Amino acid sequence: MKILIVGLGVIGGGYAMALKEAGYEEVYGVDINTDTLKRAKEMGVIKEGFIDEDEIISKVDLIVLAIYPDLVKNFIIKNKDKIKDNAIITDVTGIKQLFINDIVEILPDNIDFVFAHPMAGREKKGIDYATNEVFKGANFLIIETEKNKEENLKLIENLAYEMGFKHIRRTNPAFHDEMISFTSQLPHVLAVSLINSDIEGRNTGEFIGDSYRDLTRIANMNDKLWSLLFLGNKENLLRSMYNFEEEFNKIKKCIKEDDAKGLRDLFIKSTIRREKL
């Protein structure tokens, strides 16, 4: 199988590494950055790299779009007539409802787009920070559409297992975006808020432990990408933020009123729910 990865950043680069480790030799890359392509080839994770997909897109069996969500639809519009018959496209994008229906309508019947979301990433960007180690044991989501063929869904599932993912689940676009607003986007909101609520100029770094490090690791943000993800999933994210606010205010009220029992009840509830994950 010939595979093309479009976008060799931290996730696309990780895919290239994972595919190499899984034994795939016909992996090609497209990236607008010539240094990134050179680095990927030096690392041996791609066979050849291209600035423009025109040179390779008609020859590959699988296309992995590891690009920003606002670029996915335009890529399909530009290339839908150049893609090989019966080719499969997949992606790594963190939100789906922004473009999924449009793409399903645009694509010809001889091309299948299996939308996917690898639930593993890093706070840094660029191929120098890419690693496939974050995929090992991680969750992998497949977002089904009515046009998907079962054999192509299975192919992407099997590929995810080969790349090291452990838990693979199929879901629909609406439920995916609702859940992601809570499990992925809300934690990023909290990390940014925590870091930015610190008093400017004090030596916070000398007073932190594991809890602060763990909670704020993801505050080191790719600002362009996460702005797109937040605004592209606005209604779901706002609902998750309102729900969080309610729980935050319960704790605040207990502290204000010296309500030890109320605090303990909230802690017991969170402990029980955490143990079930």
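**Exercises on a predicted model**

T36 is buried, with a relative accessible area of 12%; buried means under 20%, exposed over 50% and partly exposed in between (1.4 Å probe, protein chains only). The model is predicted: local features need pLDDT of at least 70, side-chain atom pairs count only at pLDDT 80 or more, and totals for chains, interfaces and linings use all residues. Residues are numbered from 1 along each chain as its sequence is written, and side-chain values use heavy atoms, with hydrogens and water left out.

**Exercise 1.** State in which helix T36 lies and which residues it is in contact with, leaving aside neighbours within four places in sequence.

*Solution.* Step 1: T36 belongs to helix α2, residues 34-43 (helices are DSSP runs of H or I, at least four residues, numbered from the N terminus). Step 2: with neighbours within four places in sequence set aside, T36 is in contact with L8, D31 and I127, where contact means heavy atoms within 4.5 Å.

**Exercise 2.** Classify the aromatic pair of F113 and F115, and determine whether each residue is buried or exposed.

*Solution.* Step 1: the whole structure holds 7 aromatic pairs. Rings of Phe, Tyr and Trp (its six-membered ring) pair if their centres lie within 6.5 Å; planes under 30 degrees apart count as stacked, over 60 as edge-to-face and the rest as tilted. Step 2: the F113 and F115 pair is stacked, at 3.9 Å centre to centre and 10 degrees between the planes. Step 3: F113 is buried at a relative accessible area of 4%, and F115 is buried at 0%.

**Exercise 3.** Name the residues that ring pairs link into a cluster.

*Solution.* The cluster consists of Y15, F135, F140 and F165, linked by ring pairs.

Note on methods:
Helix = DSSP H or I, 4+ residues; strand = E, 2+ residues; numbered from the N terminus.
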